[in-house]
Amino acid sequence: RKICEARKLTPSTVEHLTQIPAVPTSAFKELELTSIPQSERIAVFYSSGTTEQKPRRHFHHAESLTVYETSLWAGFQVNALQPCRLQVAGCRLVCLTPPPSQVPHSSLVHMFETLRVKLGAAERVFLGKLADDGSWTLDFDAVRQIISSAGQAPAPRPVLLLGTAFSFVHLLDDLSVRDLRFSLPAGSLVMETGGYKNRSRAMPKAELHALITERLGVPGEQIICEYGMSELSSQAYNSDIHRP
């Protein structure tokens, strides 16, 4: 309201919603900018950037959280499962993030947890952990064990491997040091999401995907990118990967 009043935009002068100025993202950091009463808030997501002293915050009540979960599941089906022809039944979910109990304010981890529930996977699919300094690390032994056993007879299971770009860099570095290469079963899908946020070295997308193919045996057409913002509670998926 103060932004509108400062620009002399009031209900008596505004004729169309496009005349209402957008709220800057910094407002989510400085203010509790929400229409949800405090008594109804059941979740709050923080932005994941590391350069800000105070993260931006986005509040949810039961109804808005339900809308978010319904939206993300529908979007994931259309943009990930269907184009990559992943057969949900029998696939093995692996999340390279800490579990929700360790990072309750991460909208990304909440997304992964929602997918876990929809897919009927066990809670132990989260193979990341929270370090003492608040950074995200991986249980490398557990990750290697799962990706090595996924393709073993008598019943190879496609893997749905989800993680941030920096988590994949950490995993690929570990495999490189050990000179390990795996071949995940046909139909496996890799989804990398988010930026590097100074949590690992950054690399071009093409280079990252090439290393995923080299070390995990997942072809480029089975690697997708997802991007989300805690303030928007929605996701965007890449559309430039060639589909056969």
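## Helix α6 by the numbers

The expected span of a helix is 1.5 Å times one less than its number of residues. Helices (H or I, at least four residues) and strands (E, at least two) are DSSP runs, numbered from the N terminus. Now take helix α6, residues 165-177: with 13 residues at 1.5 Å a residue it should span 18 Å, and its end C-alpha atoms are 18 Å apart, so the two agree.

What you're looking at is a predicted model, where local features need pLDDT of at least 70, side-chain atom pairs count only at pLDDT 80 or more, and totals for chains, interfaces and linings use all residues. Residues are numbered from 1 along each chain as its sequence is written, and side-chain values use heavy atoms, leaving out hydrogens and water.

pLDDT is the predictor's confidence in each residue, from 0 to 100. The protein averages 86, and 90% of the residues score at least 70. Confidence is highest in α6, at 95, and lowest in helix α2 (residues 26-30), at a mean of 77.

## What α6 packs against

Buried means under 20% relative accessible area, exposed over 50%, and partly exposed in between (1.4 Å probe, protein chains only). Among the buried residues of α6 are Phe166, Phe168, Leu172 and Asp174. The buried residues of this helix pack against β5 (136-138), α5 (140-149), β6 (159-164), β7 (189-193) and α7 (205-216).

Leucine 208 is in contact (heavy atoms within 4.5 Å) with several residues, including Ala165, Phe168, Val169 and Leu172, leaving aside its neighbours within four places in sequence.

## Rings in pairs

Rings of Phe, Tyr and Trp (its six-membered ring) pair if their centres lie within 6.5 Å; planes under 30 degrees apart count as stacked, over 60 as edge-to-face and the rest as tilted. The structure holds three such aromatic pairs. One of them joins phenylalanine 45 and tyrosine 68 edge-to-face, 5.9 Å centre to centre with 65° between the planes. This pair links distant parts of the chain, as phenylalanine 45 is in strand β1 (residues 43-46) and tyrosine 68 is in helix α3 (residues 62-81), 23 residues apart. Phenylalanine 45 counts as buried because its relative accessibility is 1%, and tyrosine 68 does so at 4%.

Tryptophan 73 and phenylalanine 76 form a stacked pair, 6.5 Å centre to centre with 25° between the planes. Both lie in helix α3, three residues apart, about one turn of the helix.
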